[in-house]
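Please find below a short note on the structure under review. It is set out as numbered points for a reader new to structural description.

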Amino acid sequence: MAQKNHDKTGTGDAPVVDEPGRVRNVVLVGHSGAGKTTLVEALLTATGTIGRAGTVVDGTTVCDHDPAAVRQQRSVTLACAPITHDGVKVNLLDTPGYADFVGELRAGLRAADAALFVVSAVDGMDAATATLWEECAAVGMPRAVAVTRLDHARADFDETVALCQRVFGDNVLPLYLPMLGDDGVSTVGLMGLISQRVFDYTRGHPADVREPDPEHLPAIAEARAELIEGIIAESEDETLMDRYLGGETIESGILVEDLEKAVARGHFYPVVPVCAPTGVGLDVLLELLTAAFPTPLEHDLPVVTGTDGSPRPPLTCDPDGPLVAEVVRTAVDRHVGRVSLVRVFSGTLRPEQTVHVSGHGLADRGHPDHDADERVAHIYSPLGATLREVPYCVAGDICAITKSGSAETGDTVSARDEPLLIAPWEMPEPQLPVAVVARSRSDEDALARNLARLVTGDPTMRLERNPETHQLVLWCMGEAHADVVLDRLRAGGVELDTEPVRVALRETFAAASKGHGRHVKQSGGHGQYAVCDIEVEPLPTGAGFEFHERVVGGAVPHNYIPSVEKGVRAQLERGLLSGHPVVDVRVTLVDGKAHSVDSSDAAFQAAGALALREAAEKGQVSLLEPVDDVTVRVPDGYVGSVMSDMSGRRGRVLGTEPDSAGGATLVRAEVPATELVRYAVELRSMTSGAGTFRRAFARYEAVPAHLTNELRTAHPGPTS
């Protein structure tokens with residue numbers, strides 16, 4: 001959340017509400033290019049929040065303020081843009097549509113009480129949008145659909161609605177139909193199905209409302225009948241359907257009231273056509289957002305515990321209740337410091353208030369558990385990157401705080417005298433590794449500082465310093481995510497390069513072997529003398545290392561036997577043929593020689609290592625690679641492609657099963673880790689962004705002989 005304009009002159013035009021009933025938190029979701037950011041820009045302009053709409057192409061929109069978003073011409077971060085309509089504050093949460101930035105999408109869903117699915121009338125939707133609809137359905141989140149880009153020559157509203165009904169299911173019905181102009185292509189108005197009125201935008205926004213033309217009546221009548229039946233089916237008045245079927249005309253006021261209740265409960269999903277550049281549909285969409293979407297009072301709140309995990313009573317959305325808020329996004333600005341977007345669930349957040357900031361449960365992502373008391377100096381209403389100071393933020397609302405010393409994404413902000421903890425929301429596991437290396441010693445310090453800053457705000461990125469390959473690896477969600485991370489590092493003054501990611505391989509003995517180690521040096525004074533003979537045997541996978549001795553007659557003095565073992569262990573760690581550690585072997589010391597003066601601990605360590613190297617030269621040393629348990633979740637239509645691809649990766653498919661969430665299949669397989677380095681990118685391409693996977697180390701297995709040299713070259717050991 002880079003800072004554009006830091007206004008501390010007062011509240012300015014920032015909307016301030018006193019009670020949760022006057023707030024709506026709406027997250028806009030949909031695939032990249034559907035028009036979410038453009039729609040937000042149009043709504044900001046229509047409500048007078050900004051004077052002139054910016055464009056994505058020019059990089060002048062309120063929500064796409066991140067330099068990476070401007071460069072890529074697509075959203076890469078979550079942005080909040082509040083508007084006011086009919087006395088209601090609507091916090092519009094604009095989310096990225098590209099799958100790499102799903103962490104920002106999850107944050108937006110956490111902060112919202114309802115979702116507006118934005119679907120292009122030109123491009124339809126992707127599989128990831130369909131999956132997201134299912135996820136919202138699983139938690140009962142109210143939803144509506146805005147069909148955009150009606151001004152395009154290839155726009156097809158009817159087909160888009162039909163697509164939504166096929167993918168999203170029942171009760172997805174339009175409230176309005178687009179009305180074409182005299183040219184038969186441009187959309188100049190809407191036909192209201194409940195009101196049976198025409199909303200004419202020929203003279204701009206807001207619309208002129210008038211009676212429909214005769215040629216509009218058949219289309220209105222047909223669609224209206226289907227809409228009324230859908231609304232009545234969800235009505236709490238069980239007599240309404242009988243009355244309607246009996247021929248009674250149901251008043252529009254009753255239909256609107258039942259519609260709003262059904263939408264707020266998440267049982268009915270209205271479709272509204274909108275055209276952001278021309279203003280068509282903006283006023284009716286605003287009415288839907290404020291009148292039909294639920295208030296924070298109607299939304300279930302997350303479970304809270306004490307910071308020690310002890311249970312606490314359920315939260316209520318009460319401005320006078322205990323303070324409980326959550327940091328849904330944090331960015332570290334080089335000039336302002338930490339800027340945190342906060343959703344207040346209970347209580348009221350005020351300036352000059354001392355709060356408790358607590359973050360637990362994300363240590364595996366580079367976020368150690370932490371607790372700290374901090375003073376909140378100022379409260380802001382965020383408008384994209386612009387911060388406008390406000391006097392307070394009540395339960396149900398969203399605000400921003402700055403200069404926190406410890407706040408990270410997912411942290412809980414609560415009262416100092418009653419610290420509480422909200423369980424973090426589910427974060428996707430990053431699966432694309434990117435190895436980075438600083439170009440100079442001075443860049444190493446800058447790299448460490450900037451990485452700490454990025455990890456603070458992005459829990460979907462994981463930082464790993466691999467002790468075996470000695471690489472610094474950034475685990476990202478995909479190539480676009482990695483590009484943004486690397487751009488931000490370079491923007492922070494870090495000169496760095498990327499290098500191929502190396503997988504930690506192993507070596508082992510495939511058959512028994514013998515080795516003779518002779519370390520003899522004379523250079524005046526005390527020399528070095530040690531001779532040992534060893535036998536090496538392979539052990540079962542996972543057995544580790546065993547050392548035994550069968551020396552007779554004191555050929556190797558007892559006090560030097562541990563020295564031989566130490567030398568052998570050191571050589572096992574350094575590797576034999578390709579610099580990878582050697583595992584699962586038994587080494588037995590069977591004979592040797594010593595000198596009463598020149599033998600030493602160091603000499604016998606060297607002799608033990610030499611003996612092991614000779615055993616490797618005489619015997620058969622195999623290369624081992626890690627094999628992972630992989631579970632892939634894909635829509636049913638992609639199962640065949642995924643299983644075929646697994647076979648091409650030397651994977652063993654163990655089976656499939658329906659996903660408990662429905663509409664998808666889980667494919668379970670065992671796959672070599674060397675085949676998974678770029679699987680996150682390739683699975684996304686294969687499944688149109690709808691496939692996800694998780695992995696866990698299973699064991700090491702021998703590399704096929706024909707691939708041994710290839711893998712040794714591609715993944716050299718750190719000591720090779």
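This is a predicted model: local features need pLDDT of at least 70, side-chain atom pairs count only at pLDDT 80 or more; totals for chains, interfaces and linings use all residues.

1. Residues are numbered from 1 along each chain as its sequence is written, and side-chain values use heavy atoms, with hydrogens and water left out.

2. The protein chain contains 16 helices and 37 strands (DSSP runs numbered from the N terminus: helices are H or I with at least four residues, strands are E with at least two). Along the principal axes, its C-alpha atoms fill a box of roughly 110 × 55 × 50 Å.

3. Of the 720 residues of the protein chain, 55% are buried (under 20% relative accessible area, with a 1.4 Å probe and protein chains only).

4. Helix H4 covers residues 127-138 and has twelve residues. From first C-alpha to last it reaches 17 Å, close to the 16 Å expected at 1.5 Å a residue (1.5 Å times one less than the number of residues). The buried residues of H4 include Ala127, Leu132, Trp133 and Cys136. Glycine 140, which follows H4, has a positive phi near 70°.

5. Strands S26 (residues 462-465) and S27 (residues 472-476) run antiparallel and are joined by four bridges (strands pair if DSSP finds at least two bridges between them). Arginine 465 has leucine 472 in S27 as its bridge partner.

6. Six residues lie between S26 and S27 in this hairpin. Histidine 470, in the turn, has a positive phi of about 60°.

Definitions and conventions: Buried means under 20% relative accessible area, exposed over 50%, partly exposed in between (1.4 Å probe, protein chains only).
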